[in-house]
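Thanks for coming, everyone. Please have a look at the structure on the screen, and I will walk you through a few parts of it.

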Amino acid sequence: MKHKGSTFEYKDERDRDLLRAYREQLMLCETIDLTEVFKKVVLMPSARFWVSEERAAIVIARMFKGDKLESMKPNTREMYEEIFKRVKDMKEHNPEMSLFDILFRVVRQPAPKFYLTPDSAKVITTRIKREQFNKVQKRLRHMFNMGGN
């Protein structure tokens, strides 16, 4: 299990990829229903599997030992099952490659979806947009602070 307070090293890349998918979905809408937009966003292909190689190695090793990941959230379990399937397939075709080298390649392959809930995607996207707004506001603050304070 991931530890509380642990950081995700690919957060910025994942955020950019999620924002790309969000914007693509918005462009396709005739009328914007954010609930439907986020349902579609999470099902869009993603640039990679958004998990670190180290975390994936720990989980995939458990799966090779027979762990069914029953305590994991469904989307997370589904993501690891897809990674596991690809790792086994690549190992079968490349028996000389180390498991870590295979895993490194697999997690960097395009993923079929984001493996997030629509609500999680909404929270992440809202945070990204708020951070971007705050950056712009901070950059432009001097233009509107004419009073001398």
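**Helix H3 and what surrounds it**

Let's start with helix H3, residues 53-64. H3 has 12 residues and reaches 16 Å from its first C-alpha to its last. That is close to the 16 Å expected at 1.5 Å a residue. Keep in mind that this is a predicted model.

Which residues of H3 are buried? They are Glu53, Arg55, Ala56, Val59, Ile60 and Met63. Now look down the axis of H3. The buried residues fall within an arc of 155°, so they line one face of the helix. What covers them? The cover includes helix H4 (74-93) and helix H5 (99-107). After H3 comes Gly66, with a positive phi near 105°.

Next, the cores. In soluble globular proteins, nonpolar side chains tend to be buried together. Here, the largest nonpolar core has 21 residues. Phe49, Val51, Ile60, Tyr80 and Ile83 have the most contacts inside it. H3, H4 and H5 each supply at least two residues of this core. Which helix gives the most? H4 does, with 6 residues.

Let's zoom in on Ile60. Leaving aside neighbours within four places in sequence, Ile60 is in contact with Tyr80, Ile83, Phe84, Val87 and Leu103.

Is Phe38 buried or exposed? Buried means under 20% relative accessible area. Phe38 has 4% relative accessibility, so Phe38 counts as buried. What does Phe38 touch, not counting residues up to four places away in sequence? Tyr22, Pro118, Ala121, Lys122 and Thr125. Take Lys122. Phe38 and Lys122 are 84 residues apart along the chain, yet their C-alpha atoms are separated by 6.5 Å.

Finally, step back to the whole protein. There are 6 helices and 0 strands. Of the 149 residues, 34% count as buried. Take the contacts between residues at least 6 apart in sequence: 70% of them join residues at least 24 apart.

What about overall dimensions? The C-alpha trace spans about 70 × 40 × 30 Å along its principal axes. The radius of gyration is 19 Å, whereas a compact globule of 149 residues would have one near 15 Å. The accessible surface comes to about 10,400 Å², and 56% of that belongs to carbon and sulfur atoms.

Conventions. Residues are numbered from 1 along each chain as its sequence is written. This is a predicted model: local features need pLDDT of at least 70, side-chain atom pairs count only at pLDDT 80 or more; totals for chains, interfaces and linings use all residues. Side-chain values use heavy atoms; hydrogens and water are left out. Buried means under 20% relative accessible area, exposed over 50%, partly exposed in between (1.4 Å probe, protein chains only). Contact means heavy atoms within 4.5 Å. Helices (H or I, at least four residues) and strands (E, at least two) are DSSP runs, numbered from the N terminus. The expected span of a helix is 1.5 Å times one less than its number of residues. The arc is that of the directions from the helix axis to the C-beta atoms. A nonpolar core is a set of buried Ala, Val, Leu, Ile, Met, Phe, Trp, Tyr and Cys residues joined through side-chain atoms within 4.5 Å. The radius of gyration is taken over C-alpha atoms; the globule rule is 2.2 Å times the number of residues to the power 0.38. Accessible areas come from the Shrake-Rupley method with a 1.4 Å probe; for residues, only the protein chains shown count as cover.
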